[in-house]
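Keep the sequence and the model open while reading.

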Amino acid sequence: MKKVIDMHSHILPGVDDGAASYEMSMQMLRCAANDGISTIILTPHNKPGHRHIPVSEMMFGVEKLRDMMAEEAIETGLDVGLSEQDILERLQKKLDISIQKAQEYFLRFGKQVV
């Protein structure tokens, strides 16, 4: 069976111009699963000029959706595509370093494949 990946979605509710509620998100996820989509990459507009949501809040929403999907046995995977700024903020908090140091790490190691 072919794997179909949706690489641009706005399913996370209340973050940008996509789903307005968790119920709407679930409707979208049911449709995706019925269409054979195996993985959805959430790509919220979480950048300057748009409403900024802390990454921790976004991840809470992702986990809530995953729990709701599990209750309905929806097997479509959810991944998150983060902006460079979000990645820098996560590095800063995780490593307890300045944003400048996080930028240095990102520039030095950000393009490596793990």
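Two strands count as paired if DSSP finds at least two bridges between them. Strand 2 (residues 37–42) and strand 3 meet that mark, with four bridges in the parallel sense. The model is predicted.

- Three strands form an open sheet in the order 1-2-3, with parallel pairing.
- Strand 1 (4–9) and strand 3 (77–80) are at the edges, and each has a single partner strand, so one side of each lacks a neighbour in the sheet.
- On average, neighbouring strands are turned by 25 degrees against each other, direction ignored.
- Isoleucine 41 has aspartate 79 of strand 3 opposite.
- In general, strands of a sheet pair through backbone hydrogen bonds, either parallel or antiparallel.

**Helix on sheet**
- Helix 2 (residues 55–71) lies across strand 2 and strand 3.
- Helix 2 runs at about 175 degrees to strand 3.

**Helix on helix**
- Two packed helices are described by the angle between their axes and the distance between the axes.
- The axes of helix 1 (residues 22–34) and helix 2 come within 11 Å and cross at roughly 60 degrees.
- Helix 1 is therefore oblique to helix 2.
- The crossing of helix 1 and helix 2 is right-handed.
- Helix 1 brings Tyr22, Ser25, Met26 and Leu29 to the contact.
- Helix 2 meets them with Gly61, Lys64, Leu65, Met68 and Met69.
- By class, six residues in this contact of helix 1 with helix 2 are nonpolar, two are polar and one is charged.

How values were computed
Residues are numbered from 1 along each chain as its sequence is written. This is a predicted model: local features need pLDDT of at least 70, side-chain atom pairs count only at pLDDT 80 or more; totals for chains, interfaces and linings use all residues. Side-chain values use heavy atoms; hydrogens and water are left out. Helices (H or I, at least four residues) and strands (E, at least two) are DSSP runs, numbered from the N terminus. Axes are lines fitted to C-alpha atoms, for helices over the stretch in contact, and angles run from 0 to 180 degrees between N-to-C directions. Contact means heavy atoms within 4.5 Å. Angles under 35 degrees count as roughly parallel, over 145 as roughly antiparallel, 65 to 115 as roughly perpendicular and the rest as oblique. A crossing is left-handed if the near helix is turned anticlockwise from the far one by less than a right angle, and right-handed if clockwise. Ala, Val, Leu, Ile, Met, Phe, Trp, Tyr, Cys and Pro count as nonpolar, Asp, Glu, Lys and Arg as charged, and the others, Gly among them, as polar.
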